[in-house]
Amino acid sequence: MIEIDSVTVIYNKGTVDEKLALHDISLKVYEGEFLVVVGSNGAGKSTLLKLLVGDVKPFKGICKVAGRFVKPEKTFKMTSIVCQDPNQGVFPNLTVEENLILSRRKGLRGFGFGKIDRQSLELLASTEMGLEKDLKRKASKLSGGQKQALAMVMAVSSNPKLLLLDEHTAALDPKSTEKIMELTERINRELGTTIIMITHDMNLAEQFGTAVLIMEEGKICAKIDKSKQKVIASQLKAMIRSTMLTTTG
Ligand SMILES: Nc1ncnc2c1ncn2[C@@H]1O[C@H](COP(=O)(O)OP(=O)(O)OP(=O)(O)O)[C@@H](O)[C@H]1O
């Protein structure tokens with residue numbers, strides 16, 4: 001699904017603000033995988049996601065998604081991204097229904113006609129946040145958790161192959177986090193969507209995903225495959241902590 005080979009990303013190359021954000025990283029992510037990415041601030045986690053949507057270009061190396069070199073216009077339909085801020089993923093002045101219809105069409109043409117698909121309604125209902133009964137409500141009136149649930153359903157309504165989540169539960173309370181994580185798992189399990197999720201929450205890294213990627217200072221320190229390495233939860237947390245401590249000194 002994802003092939004990254006010896007990629008280096010440098011921001012502001014050749015200026016005084018030059019910054020090496022990814023340093024010669026190689027990574028394979030397989031179809032259906034749910035990869036959780038952890039690492040300190042500035043480790044390069046968000047840059048990795050930007051690389052996968054073509055927002056940054058490799059200075060060196062290659063990056064392919066679904067067998068194709070990443071180009072924003074090509075990955076647009078194949079990849080969706082949900083960020084930390086619940087207000088970023090929805091159109092506040094549109095209703096829940098309009099948001100969903102628009103996202104399904106990926107915002108290319110007008111909206112105001114068409115129907116919400118069954119998959120979106122089922123996913124909305126599964127969150128038990130009452131959104132499916134409140135389709136005429138403006139998104140601006142929803143809670144942070146409801147906005148993020150809507151953003152997630154919108155992100156998968158066009159059936160992307162890859163869903164990128166950049167600390168998508170960071171602004172939520174524990175109850176909403178639980179609901180959003182249940183939805184995240186369902187999307188991976190039932191729709192088969194490959195997921196890459198960044199988090200600073202070690203409990204989430206321990207509890208969710210099929211593999212954990214540990215990054216520090218623009219490098220990949222380890223990829224821990226939970227099934228192959230048969231690690232139990234407490235061991236995994238200890239492994240993440242010790243790898244991060246070793247790297248950061
Ligand atoms: N647009 C940019 N211009 C210049 N430098 C940048 C830019 N974006 C990120 N960087 C730098 O690149 C490095 C990696 O940043 P990145 O945002 O990928 O880290 P991160 O692991 O996602 O951090 P955080 O956990 O704080 O979100 C950091 O040193 C950061 O300051």
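Begin by selecting helix H3 (residues 96-104) and helix H5 (residues 144-156), whose axes come within 8 Å and cross at roughly 25 degrees. Axes here are lines fitted to C-alpha atoms, for helices over the stretch in contact, and angles run from 0 to 180 degrees between N-to-C directions; helices (H or I, at least four residues) and strands (E, at least two) are DSSP runs, numbered from the N terminus. H3 and H5 are therefore roughly parallel to each other, a term that applies to angles under 35 degrees. To see the contact, show Val96, Asn99, Leu100 and Ser103 of H3 together with Leu150, Val153 and Met154 of H5, where two residues are in contact if their C-beta atoms, placed from the backbone, lie within 7 Å.

Before going further, note how the model is to be read. Residues are numbered from 1 along each chain as its sequence is written. This is a predicted model, in which local features need pLDDT of at least 70 and side-chain atom pairs count only at pLDDT 80 or more, while totals for chains, interfaces and linings use all residues.

On the H5 side the contact includes Gln148, Ala149 and Met152, and on the H6 side it includes Lys179, Ile180 and Leu183.

Now select the open sheet, in which six strands follow the order E6-E7-E8-E3-E9-E10 with mixed pairing; two strands pair if DSSP finds at least two bridges between them. Strand E6 (79-82) and strand E10 (219-225) stand at the edges with a single partner strand each, so one side of each is left without a neighbour in the sheet. From one strand to the next, the twist averages 15 degrees. Within the sheet, strand E3 (residues 34-38) and strand E9 (residues 211-216) run parallel and are joined by four bridges, with Leu35 having Ala211 as its bridge partner in E9. H6 packs on this sheet, touching E3, E7 and strand E8 (194-198).

Note on methods
Angles under 35 degrees count as roughly parallel, over 145 as roughly antiparallel, 65 to 115 as roughly perpendicular and the rest as oblique.
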